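Let's explore this structure together, one question at a time. Keep the 3D view open as you read.

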Amino acid sequence: MRSKRFEKLAQRPVNCETFIKPWPEVGLIAVDSPLDPSPSLKIEDGVVVEMDGVRREEFDLVDHFIARHALNLEVAERAMARPSGEIARMLVDINVPRATILEVASGCTPAKLVEIAQQMSVLEMMMGLAKMRARRTPANQAHVTNRKEHPALLAADAAEAALRGFAEIETTVGVARYAPLNALAVLVGSQTGRGGALTQCAVEEAANLRLGFKGLTSYSETLSVYGTESTFIDGDDTPWSKAFLGAAYASRGVKTRYTSGTGAAALMGHSEGKSMLYLEARCQLITRGAGSQGTQNGSISCIALPESLPGGVRAVLAENLIAMMLGLEVASGNDALASHSEMRKSAKLMLQFIPGTDFITSGYGAIPRYDNMFGGGNFDVTELDDWYVLQRDMQVDGGLTPVSEEQVLPVRKRAAQAIQAVFHALGFPTISEAEVEAAITAYDSRDMPDRDKVADIEAAQKLLDGPLSAVDIIKMLEEAGFHDVAANILEMQRQRVIGDYLQPSAIFGDGFKVLSVLTDPNDYQGPGTGYRVEGERWSALQNLPQAWDPRTYLNSLGAVQERIWLEEIGPAERGNQLEVVIALSPVFGAEINHTIGGLDHCDVLSAVLQGIQDEGLPARVVRVHHTSDCAFIGCTGAQLSGSGVAIGIQSKGTTVIHQRDLAPLDNLELFSQAPNLDLDTYREIGRNAARYATGQPTIPVSVRIDNTARLRLIVQTTLLHLYETRLVESDRSPTELRMS
Amino acid sequence: MASNTLRTATGRTLHDLNIEAIRAGELTAEDFRISGETLRRQAEAAEAAGYWQLAENLRRAAELTGISNQEVLELYDALRPGRSTYKELIALADRLKEDLDAPLTAAFVREAAEVYQERGILRSS
């Protein structure tokens with residue numbers, strides 16, 4: 001036996017996903033594995049001799065690194081002695097400033113940090129995020145890639161992403177050898193959209209570093225770290241090699257952020273039976289110990305693995321919080337596809353979106369999912385308006401600014417032309433006018449002409465191996481007349497030698513003003529403090545291109561002056577024949593001429609009259625002036641009707657069949673969803689009213705049901721009713737009408 | 001950071017880094033390299049804000065400003081698992097300290113050599 005409801009449930013998008021019971025021995029457990037250690041720390045002569053139950057002799061690479069570099073031994077013993085529940089309460093206590101918690105957390109071992117987080121609900125952790133986020137101003141990062149690695153499209157997309165306010169733009173490649181061209185296109189494009197968007201190209205470390213050396217990228221978040229020694233070795237690195245790499249980037253003025261996340265060690269088969277959150281806490285201590293500016297965490301590409309487990313999404317929030325407690329900049333995930341279910345995907349996002357993080361997503365697809373070379377991405381360009389609406393709904397800054405098509409198109413064009421000019425000056429394969437034109441309006445790379453891939457890859461190799469750098473690009477853009485783009489790229493290079501953006505949570509605000517933990521520290525301490533969406537920013541977030549002024553709607557209604565087809569011929573009298581009265585609202589067919597469903601009032605009235613005539617009854621039309629309420633209009637008509645039966649119609653189209661002996665708010669039939677009524681329905685309403693008048697058995701009119709009508713049209717309904725209500729003449733009696 | 005006293009790795013001021021100089025071909029990528037001194041000042045700022053590990057990283061970075069891109073890449077590779085013998089890492093640390101004026105990085109490499117040996121992730125021969 002199979003329930004049809006369970007069948008439907010099984011087909012729901014959320015059930016495309018895999019849900020498993022925990023299996024701790026292989027690390028398939030989000031938190032609290034039986035093999036997770038209890039917090040402990042022993043220090044002798046300034047040296048850590050035991051950490052989280054492991055003696056120094058048993059330390060692996062990760063333990064050694066954490067013990068030597070991550071822990072603040074001056075405060076460690078006091079921090080470890082403080083009950084975890086007390087530290088958890090400090091996190092949600094608005095009277096405890098961020099700095100106090102940073103100091104306590106700096107002395108906590110991985111197991112201690114997990115134990116603190118484990119005291120907290122998701123709501124409490126979100127409170128923790130609001131306070132512990134390093135930068136006061138939240139921001140967002142974009143992904144810009146395409147399957148054809150088309151430089152004009154990359155440049156146009158990067159420009160649009162920068163214009164929309166993304167603080168960082170990450171690209172990558174399908175074919176590794178394209179990297180220098182993709183980095184170049186995204187650099188040129190980004191600085192066309194808005195000066196100051198940081199860019200990176202995620203490729204293998206050595207190649208990545210070379211792109212940074214050339215000034216083609218300004219940040220890197222490819223430095224993966226892992227929670228167990230075996231995973232590190234499989235990743236062909238150690239905490240020391242990664243830390244060296246971090247210093248190497250900084251030595252060339254490149255911002256860096258490490259990356260890790262729950263589930264990675266389990267996925268790579270080296271969890272050692274530890275929970276995902278515990279291993280991630282170790283990653284965060286490596287990140288802090290290595291002196292990284294920040295972390296990209298929040299499970300990242302592994303997200304579906306913790307999500308398969310109970311408490312997985314909560315654990316991902318906990319890892320964000322732990323990173324923030326360590327003072328790190330946090331690009332908080334939400335980048336890889338997190339669910340087939342829109343409900344689940346959005347709900348998960350809210351954990352970071354509402355409190356705000358340094359980068360709410362560590363890669364929002366500013367391109368269609370088809371072109372997202374980071375595995376398709378969690379959100380894409382078609383969901384931008386959803387994001388904007390969420391910002392507007394909740395008065396939350398998700399890091400993006402609404403823009404209009406008119407703003408976007410010229411910026412895309414200029415970016416495509418700028419990269420065209422650079423390719424020309426470099427002697428690289430030509431970007432044609434047709435390619436520029438296609439890049440301006442393309443949906444995805446299928447709208448772009450194909451390029452000679454062999455020639456492009458040769459050019460990419462030349463760029464990487466030769467002496468060319470960002471300085472040459474600036475010169476070419478300047479000489480080709482792209483002064484603004486040249487000036488922005490020049491300023492990016494100048495910022496490299498200043499190095500203020502090497503501090504945690506650094507991004508560029510307006511005018512290349514560095515916003516970092518030093519210049520824009522989060523000072524949240526409860527209501528009325530910290531980052532607030534207000535003033536100009538709130539205006540910008542409210543101002544969606546598709547939002548309209550309701551005053552204009554009323555004006556446009558008032559302006560309609562079509563031919564007069566309803567003529568008042570005197571006071572309406574009570575009839576004494578078998579008839580149906582049609583009672584119209586104050587401005588039906590006058591100041592207002594159409595129903596909310598777009599039907600012409602004349603057609604509506606004719607259909608109703610036709611229906612009455614079908615049953616062989618006469619009809620009279622009257623106008624009610626003293627009320628705009630549908631029930632009272634119908635009721636008034638019924639008092640005037642010789643049969644006692646009347647039809648009341650409001651301007652928006654709402655209709656009632658009323659009868660004299662019924663209470664005003666009672667009725668024979670009510671048609672409350674005006675948008676769902678068509679002319680056939682109005683004719684049937686006329687017919688039924690006539691049948692009631694003659695006392696015949698009558699089947700109520702069946703109406704099409706569309707439950708979204710109210711959702712779509714409630715504003716218009718409100719405005720129409722408001723308009724009609726304003727024109728009510730409360731002391732005027734009904735008048736008889738004639739159609740002309 | 002105060003921009004009037006700032007010098008690039010090649011000794012130029014921020015004022016020198018302008019579009020006219022680029023047009024005239026007077027500037028190269030080297031002129032846009034951050035200096036060790038600037039990185040040390042950033043390290044001080046980080047330390048004052050409680051970021052002592054970031055400060056250490058920036059001080060190691062300051063040392064690396066004097067080392068060529070190629071050698072930086074080689075150093076990174078030498079620190080990856082199974083790439084170097086203990087002796088090679090120690091020799092590298094010595095060279096960093098003696099020849100390349102990079103004592104902090106040298107100590108870091110030396111520490112790695114000790115831990116790698118303990119954990120058996122050095123190249124055997």
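Below are some questions and answers on this predicted model.

Q: At what angle do helix H19 and helix H20 of chain A pack?
A: Start by finding helix H19 at residues 405-426 and helix H20 at residues 433-441 of chain A. Their axes are 8 Å apart. The crossing of H19(A) and H20(A) is right-handed. The packing angle is about 145 degrees.

Q: Which residues of H20(A) make the contact with H19(A)?
A: On the H19(A) side, the contact is made by A:Leu409, A:Arg412, A:Lys413, A:Ala416, A:Gln417 and A:Gln420. By class, the contact of the two helices has 5 nonpolar, 2 polar and 2 charged residues. The H20(A) residues are A:Val436, A:Ala439 and A:Ile440.

Q: How far apart do the C-alpha centres of the two domains of chain B lie?
A: The domain assignment of chain B gives domain 1 as 1-65 and domain 2 as 66-125. In this chain, 6 residues of domain 1 are in contact with 8 residues of domain 2. Helix H3 (residues 52-64) of chain B gives the largest share of the domain 1 side, 4 residues. The C-alpha centres of these domains lie 25 Å apart.

Q: Which helix gives the most to the side of chain B that touches chain A?
A: The contact takes 46 residues from chain B and 54 residues from chain A. Elements that give two or more residues to the chain B side include helix H2 (36-48) and helix H6 (103-119). The residues of that side divide into 29 nonpolar, 10 polar and 7 charged. With 8 residues, the one that gives the most is H3(B).

Definitions and conventions:
Residues numbered from 1 in each chain as written. Chains lettered and ligands numbered in written order. Predicted model: local features only at pLDDT ≥ 70, side-chain atom pairs only at ≥ 80, totals over all residues. Axes fitted to C-alpha atoms, helices over the stretch in contact; angles between N-to-C directions. Left-handed = near helix turned anticlockwise from the far one by under 90°. Contact = placed C-beta atoms within 7 Å. Nonpolar A, V, L, I, M, F, W, Y, C, P; charged D, E, K, R; others polar. Domains from an automatic or database assignment.
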